[in-house]
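Me: I am new to this and would like to learn how to read a structure, one feature at a time. Could you walk me through it?

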Amino acid sequence: MSATEERSATRRHVREGCGRRVVVVGYGPAAHRLVEALTGNGFDGTVTVLGEEPRPAYDRVALTSYLAGRTAEDLAYPAPAGVTARVGTRVTAIDREGRTVVTASGEAVPYDVLVLATGSAPFVPAVPGSDLPGCFAYRTIDDLDAIREAARGGGPGVVVGGGLLGLEAADALRGLGLDTHVVEMSDRLLPRQVDEGGGAVLRNHIEALGLTVHTGAGVRAVEAGPDGRAARLVKPDGEAVEARVVVFSAGVRPRDELARGCGLAVGERGGVVVDSGMRTSDPHIYAVGECALAAGMVYGLAGPCLAQAEVAADRILGGAATFEGADLSTRLKLLGVEVAQFGATSGALDVTYMDPVAGVYKKLFVSDDARTLLGGICVGDAAPYDTLRPFVGRDLPGAPSDLLFAGAGGDGIDLPDDALVCSCNNVTRGRVRAAIAEHGLTDVRGVKECTRAGTTCGSCVPALGRMLAESGVDTGRALCEHFAYGRAELFDIVRVRGIMTFSRLIAEHGTGRGCDVCKPVVASILASLGNGHILDGEQAALQDTNDHFLANIQKNGTYSVVPRIPGGEITPERLIVIGEVARDFGLYTKITGGQRIDLLGARVEQLPAIWKRLVDAGFESGHAYGKALRTVKSCVGSTWCRYGVQDSVALAIALELRYRGLRAPHKLKSAVSGCARECAEARSKDFGVIATERGWNLYVGGNGGFTPRHADLLAADLPTEELVRLIDRFLMFYIRTADRLQRTSAWLESLDGGLGRLREVIVEDSLGICADLDAQMERHVAGYADEWRATLEDPERLRRFVGFVNAPGTPDPSIEFETERDQIKPVLIPLEAVSR
Amino acid sequence: MSVLQQSPAAAAGERAWTPVCRYADLSPDRGAAALVGRRQIALFRTFDGRLYAIGNRDPYSGAYVMARGIVGSRGQEPTVASPMHKQVFSLASGVSLDDPATAVPTYPVRVVDGTVEVGLDRAA
Ligand SMILES: Cc1cc2nc3c(=O)[nH]c(=O)nc-3n(C[C@H](O)[C@H](O)[C@H](O)COP(=O)(O)OP(=O)(O)OC[C@H]3O[C@@H](n4cnc5c(N)ncnc54)[C@H](O)[C@@H]3O)c2cc1C
């Protein structure tokens with residue numbers, strides 16, 4: 001919290017005189033959700049969070065993506081405003097009588113309401129050697145840093161535990177290049193989710209990926225090598241498994257030690273006992289998340305933990321929300337295998353389908369009269385999960401054996417109105433159908449807003465899309481088969497939920513693995529929201545080839561290079577550098593319509609060397625390859641021109657530097673003319689500025705190209721500062737709400753209420769979002785970095801700029817040039833000359 | 001550990017396995033080109049760790065660019081889209097999913113001790 005925020009919070013407190021002090025112990029996902037739910041609902045007291053980890057709360061569910069290149073900042077949740085968060089602060093005791101908690105440094109922090117959100121600790125069996133260097137848990141970013149460090153030398157790695165987390169850890173070790181083993185006590189993998197048959201199919205999948213699975217095996221000891229580090233794991237039968245890295249993932253235990261220490265009721269097998277309002281045996285203390293024993297059990301999944309946090313927040317705010325337990329059904333992909341389980345994991349009768357060749361196992365449990373569905377298990381194909389989960393506890397809609405083949409679309413199965421579609425928020429199909437009809441809903445976002453279905457884990461979102469389609473709604477907004485949303489809706493999801501990876505977005509809000517339509521859209525959204533270099537971590541794999549290589553692909557597979565020349569102004573020295581680079585690399589050279597210079601014919605492996613020469617001379621990327629700002633063209637303006645009334649060059653340069661690198665639904669072009677003669681052709685641009693005697697006229701939504709359109713006058717005679725603010729908002733509003741590949745001209749025409757509406761939103765702030773739009777643009781401007789330079793400085797990013805992985809220096813033999821008008825020109829290989 | 005993943009054998013006949021790179025050199029859901037003899041091969045490592053090898057030449061444009069396409073899925077099929085004009089091909093069969101008459105060749109690929117190997121018929 002900033003000093004001013006702190007002051008204003010104190011002022012509020014004094015003025016209203018009723019603010020209470022809430023102290024939260026633990027700063028994980030549950031604590032974060034609680035704090036968000038408090039501050040977002042007008043809580044007027046003070047909130048202090050004390051967390052033991054050295055960083056604010058982050059998305060633990062996505063922890064593994066950290067090893068794939070996401071940074072701690074990527075995983076961090078946005079910090080809620082007006083909250084004092086103290087990291088690296090462990091609480092060691094609670095003084096219930098004095099209503100204070102004591103930290104490790106001996107400081108006492110007073111509370112009126114205390115919330116325990118301490119989560120759980122990995123269970124490490126007390127066998128000899130389990131604390132040797134080289135033995136790790138798998139729960140925090142620090143754990144992963146340590147594992148990554150230890151895995152640097154390669155070698156064998158062992159995961160103890162073959163449950164959900166264990167398999168995730170095993171995948172991580174494999175990703176770090178270790179020869180990975182999994183040791184599981186039970187006779188199969190995922191003993192809590194699947195039965196023997198499912199376990200066998202899963203095992204086949206996993207062994208095919210090169211992992212070694214030891215079931216029915218525990219750990220007797222971990223033995224050290226001569227260097228004193230873990231060297232092997234010994235199973236109870238005496239067999240040893242070589243292991244440089246040992247990860248314990250053998251279950252978790254609720255961290256209830258603070259509660260025990262101050263005499264709160266705890267469960268027999270651990271967990272702080274709470275009532276349905278998440279209150280412990282002391283009415284001033286709540287417990288939420290994995291440390292709480294709620295509705296008879298300790299929940300180890302994020303969904304229920306977050307629901308509990310919301311209930312506690314509501315109670316603190318004076319509400320009466322309750323937590324009545326949650327469904328533990330799971331559907332996920334582990335090591336590339338779909339696994340799903342819903343309802344009961346046993347029953348009087350069962351129907352099984354198994355295809356060991358395809359690696360598919362499906363089983364349904366039914367009542368002894370074979371009429372009621374009790375539960376199911378799927379491995380390798382989880383399609384029945386969506387269609388059949390709503391039938392748990394009710395009459396089967398068809399013969400069990402047919403149901404096993406029910407397609408992903410639930411074809412031919414008529415689901416009853418009282419079947420749950422969203423179990424996180426208890427929403428039935430009937431409720432969704434009624435909402436669609438009553439409110440004339442046309443998209444998933446509407447359904448979510450109206451019913452809350454799909455707003456928590458998101459796994460029912462595809463089902464919501466299908467229900468819209470069934471109701472006769474044209475879901476043409478769907479981006480592609482992977483997302484039932486249009487671009488604007490996806491933008492909101494990413495923004496509001498703070499999603500920072502494609503993996504998480506598609507897992508929670510889509511299906512499948514994405515494609516050339518949705519991946520670049522998501523890449524652009526992530527970039528618009530300021531998520532770092534576009535070639536980092538997982539983002540790299542989302543980019544179109546142009547963005548991927550920061551250059552434009554040409555018909556023979558070579559690329560063009562376009563340095564930025566802001567406003568079209570260039571010194572003779574720099575012009576000479578461009579000429580020299582073009583000459584030295586033998587590039588075809590042409591002046592573009594946007595007042596800059598295009599260098600064509602570069603091979604992938606030449607790009608870094610070309611950029612290096614340009615960057616050293618002070619150039620940067622011109623983003624000619626991106627759906628981003630291209631150029632701000634200008635005339636010479638009042639400095640030289642007899643007619644000019646304003647300095648159009650200076651403004652064009654300022655605008656180009658302000659918006660450079662800004663990712664948008666489509667490319668953005670701009671121009672500034674120094675007088676009404678309009679030599680810069682500003683009215684054919686997405687945003688164009690024309691000088692007047694008194695300031696600037698701003699035109700928006702112009703276009704050249706395929707469907708030319710003259711830009712509309714949005715505001716006249718603006719001073720520069722106001723002009724810039726309006727452009728900021730125009731661009732951000734466009735970026736938030738336009739469809740994929742929709743230029744500003746088409747967007748403006750599709751905007752309900754057109755130009756008038758645009759004025760209401762960005763001039764009069766009718767939606768109350770202008771402050772947000774301004775802040776978002778400020779973040780963009782502050783976060784800008786040249787993508788070429790950043791690539792040159794990072795060996796990891798440079799790695800992909802090779803022609804062939806096995807012959808990095810060899811030029812692609814298929815690329816040939818001939819000469820025309822003294823420059824190169826591609827020789828195209830005739831199509832029929834290449835045999836398949 | 002030895003063989004990690006092996007595609008089903010294609011045609012009979014003798015096959016030469018050529019090591020091309022380390023498994024770790026490949027990024028998830030992205031391709032890389034390799035030069036084996038005179039042949040250009042596009043290698044892909046998908047999100048689930050599987051490997052695929054197809055011809056690097058885009059049959060629609062004639063350019064050797066398939067390795068630079070976007071990887072994804074259509075239904076259950078793992079796919080790559082040509083970076084030139086976005087035609088989508090199955091990584092498993094090489095067939096164009098929009099135009100089954102067009103296909104790129106596929107090659108067997110395996111990992112031996114962390115090294116990716118591509119199999120080509122000796123005659124090739
Ligand atoms: C690798 C991994 C993958 C997962 N994947 C999934 C998944 O796919 N789906 C799913 O639903 N769930 C998943 N989970 C589980 C999910 O992350 C947890 O359910 C969730 O994190 C619980 O949140 P929490 O806030 O209750 O506890 P935690 O996340 O454990 O946070 C508790 C925090 O409190 C701190 N703390 C504890 N004691 C003190 C103290 N005395 N003083 C100060 N601070 C203290 C801890 O250091 C910790 O930072 C996964 C977990 C892991 C580790």
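Me: Let's start with A:Arg504: is it buried or exposed?

Reply: The way to decide is relative accessible area, where under 20% means buried. This is a predicted model, and in it A:Arg504 has a relative accessible area of 16%, so it is buried. The residue lies in helix H15 of chain A, which covers residues 502-509.

Me: Which residues is A:Arg504 in contact with, leaving aside its neighbours within four places in sequence?

Reply: Its contacts are A:Asp59, A:Arg497, A:Gly498 and A:Ile499.

Me: How should I read a helix?

Reply: An α-helix has 3.6 residues a turn, so residues three or four places apart point the same way. For a case, take helix H11 of chain A, residues 429-439, where the buried residues are A:Arg429, A:Gly430, A:Val432, A:Ala435 and A:Ile436. After H11(A) comes A:Gly440, with a positive phi near 55 degrees.

Me: Which residues other than glycine have a positive phi, such as one near 65 degrees?

Reply: A:Glu678 has a positive one, near 65 degrees. It sits in the loop of chain A between strand E33 (668-673) and strand E34 (687-691), and A:Glu678 counts as buried because its relative accessibility is 17%. Another case is A:Leu741, with phi near 55 degrees. A:Leu741 lies in the loop between H21 and helix H22 (744-750) of chain A. At 41% relative accessibility, A:Leu741 counts as partly exposed.

Me: How do I read a nonpolar core, and how many residues has the largest one?

Reply: Look for buried nonpolar residues whose side chains are joined to one another. Here the largest nonpolar core has 77 residues, and those with the most contacts inside it are A:Leu655, A:Phe687, A:Leu698 and A:Leu758. Helix H21 of chain A, residues 720-737, gives the most to this core, with 10 residues. To see one member's surroundings, pick A:Leu758: among the residues it touches, not counting those up to four places away in sequence, are A:Val700, A:Phe730, A:Trp747 and A:Val763. There is also a second, separate core of 49 residues, which includes A:Leu50, A:Val91, A:Ile285 and A:Ala313.

Me: Now the ligand. How many residues surround it, and which are the closest?

Reply: The shell has 32 residues, the closest being A:Glu52, A:Glu53, A:Arg60, A:Glu290 and A:Ala302. By type, the shell divides into 15 nonpolar, 9 polar and 8 charged residues. Next, look at individual atom pairs. An oxygen atom of the ligand is 2.5 Å from an N or O atom in the side chain of A:Glu290. At A:Ala302, a polar backbone atom is 2.7 Å from an oxygen atom of the ligand. A polar backbone atom of A:Val91 is 3.0 Å from a nitrogen atom of the ligand.

Me: How much of the ligand's accessible area does the protein cover?

Reply: On its own the ligand has 1,000 Å² of accessible area, and the protein covers 91% of that. The elements giving two or more residues to the shell are helix H2 (29-39), helix H5 (164-175) and helix H8 (302-316) of chain A.

Me: Finally, how many helices and strands are there in chain A, and how many in chain B?

Reply: Chain A has 26 helices and 38 strands, whereas chain B has 0 helices and 11 strands. Buried residues make up 54% of the 836 residues of chain A and 56% of the 124 residues in chain B. For the contacts with a separation of 6 or more, residues 24 or more positions apart account for 60% in chain A and 46% in chain B.

Terms used
Residues are numbered from 1 along each chain as its sequence is written. Chains are lettered from A and ligands numbered from 1 in the order in which they are written. This is a predicted model: local features need pLDDT of at least 70, side-chain atom pairs count only at pLDDT 80 or more; totals for chains, interfaces and linings use all residues. Side-chain values use heavy atoms; hydrogens and water are left out. A residue is near a molecule or strand if one of its heavy atoms lies within 4 Å of it. A polar contact is a pair of N or O atoms within 3.5 Å; within protein, one must be able to donate a hydrogen and the other to accept it, and residues adjacent in sequence count only if both atoms are side-chain atoms. Accessible areas come from the Shrake-Rupley method with a 1.4 Å probe; for residues, only the protein chains shown count as cover. Helices (H or I, at least four residues) and strands (E, at least two) are DSSP runs, numbered from the N terminus. Ala, Val, Leu, Ile, Met, Phe, Trp, Tyr, Cys and Pro count as nonpolar, Asp, Glu, Lys and Arg as charged, and the others, Gly among them, as polar. A nonpolar core is a set of buried Ala, Val, Leu, Ile, Met, Phe, Trp, Tyr and Cys residues joined through side-chain atoms within 4.5 Å. Buried means under 20% relative accessible area, exposed over 50%, partly exposed in between (1.4 Å probe, protein chains only). Contact means heavy atoms within 4.5 Å.
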